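Q: I'd like a close look at one part of this protein, the nonpolar core and the sheet around it. Could you walk me through what sits where?

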Amino acid sequence: MRRGAALLAVGALAAGCAAANKHASSSTKASATSSSGMAGMNMGGSSSSGTSSNAAKAFAAVAGIKPVPTQVLGKSTWQGMSVTAQAMTAVPFVIFNGTGERMVKVPQHTSFHLMVMLSDAQTHVPIPYASVWATISKGSKIVYDERQWPMLSRYMGPHYGNDVGLPGAGSYKLSLLISPPVSARHVEYQHVWLNPHRVSFTFNWKPVA
Ligand SMILES: [Cu+2]
């Protein structure tokens, strides 16, 4: 009888993780300790992304995906818009085109899920309706050059992202081309973000062992 109850509890844990429930922090912790790959993870230093990394961790623990500690690749400000690029565990996502949904699985040799967050630097409210193109180079060689999907997430809100594969450890340059939000705007945003803007960051990448 007690054994049955324990099994039930484990089932509930797994369900909580699969749903990536924000309130399932205790179950997230429990499944993290049961996964051997999590022991060496350093989750420190990624303050603002705690919830998203917890979600990724929960998902990874369930799907057997190797978790990647959330890493800030760069931060910058453009006319009161804060631009933050982050790497987190690559996850499958769905693309809805208005009539149908298409599941995008994590390709082999994927290093991380790139997340570009655009938000108001003062209020931190996310800014949708822009577009972001990411180019990553190593030395003079371009190793990644793709449009980022406009994405929705319970944890991050509207952001721009895609899964990224890098050819190994090293120093990389990430260049983001941000095109202005195309939308109606309240007047406080009347005179900002009217032309494409490029920001570049240098970051170090080390694959998870
Ligand atoms: Cu995303």
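A: Let's start at Leu114. Setting aside residues within four places in sequence, Leu114 is in contact with Ala85, Ala87, Ala134, Gln148, Gly161, Asn162 and Val164. Bear in mind that this is a predicted model, so every contact here is a contact in that model.

Leu114 belongs to the largest nonpolar core, which has 28 residues. Leu114 is also one of the residues with the most contacts inside that core, a group that includes Phe112, Val116, Leu118, Val132, Leu174 and Leu176. The elements giving two or more residues to the core are β2 (81–88), β5 (112–120), β6 (131–138), β8 (159–164) and β9 (170–179). Of these, β5 gives the most, with 6 residues. As a general point, nonpolar side chains in soluble globular proteins tend to be buried together.

Now step across to Val83, which has its place in strand β2. Val83 counts as buried because it has 22 C-beta neighbours inside 10 Å, and the cut-off for buried is 20 or more. Not counting residues up to four places away in sequence, Val83 touches Lys75, Ser76, Thr77, Trp78, Val116, Leu118, Leu176, Ile178 and Val199. Two of those names, Val116 and Leu118, also came up among the core residues with the most contacts. Take the pair Val83 and Val116: they are 33 residues apart in sequence, yet their C-alpha atoms are 7.0 Å apart in space. For the protein as a whole, look at contacts between residues at least 6 apart in sequence: 61% of them join residues at least 24 apart. Burial over the whole chain comes to 28% of the 209 residues.

Next, the sheet. Eight strands make an open sheet with antiparallel pairing, in the order β1-β2-β5-β8-β7-β6-β9-β10. Its edge strands are β1 (71–78) and β10, each of which pairs on one side only. On average, and with direction ignored, neighbouring strands are turned by 20° against each other.

β1 and β2 run antiparallel and are joined by 7 bridges, with Gln71 standing opposite Ala87 in β2. That Ala87 is also one of the contacts of Leu114. The two strands form a hairpin with 2 residues between them, and Gln79 in the turn has a positive phi of about 50°.

Further along the order, strand β7 (residues 141–151) runs antiparallel to β8, and 3 bridges join the two. Here Trp149 has Gly161 in β8 as its bridge partner, and Gly161 is another residue that Leu114 contacts.

Then comes the β6 to β9 pairing, also antiparallel, with 7 bridges. Ser137 stands opposite Lys173 in β9. Gly170 stands opposite Trp205 in β10.

A couple of loop residues deserve a glance too. His109 lies in the loop between β4 (101–104) and β5, and its phi is near 65°, a positive value in a residue other than glycine. With 9 C-beta neighbours inside 10 Å, His109 counts as exposed. Trp193 sits in the loop between β9 and β10. Trp193 is not a glycine either, but has a positive phi of about 55°.

Along the sequence the pattern is α-α-α-β-β-β-β-β-β-β-β-β-β.

Finally, a word on confidence. The mean pLDDT of the protein is 80, and 69% of the residues reach 70 or more. Over residues 4–49 the pLDDT is below 50, and this stretch has 45 contacts in the model beyond near neighbours in sequence.

Technical notes:
Residues numbered from 1 in each chain as written. Core = buried A, V, L, I, M, F, W, Y, C linked by C-beta atoms within 7 Å. Buried ≥ 20, exposed ≤ 12 C-beta atoms within 10 Å, placed from the backbone. Helix = DSSP H or I, 4+ residues; strand = E, 2+ residues; numbered from the N terminus. Contact = placed C-beta atoms within 7 Å. pLDDT = per-residue confidence, 0-100. Pairing = 2+ DSSP bridges. Axes fitted to C-alpha atoms, helices over the stretch in contact; angles between N-to-C directions.
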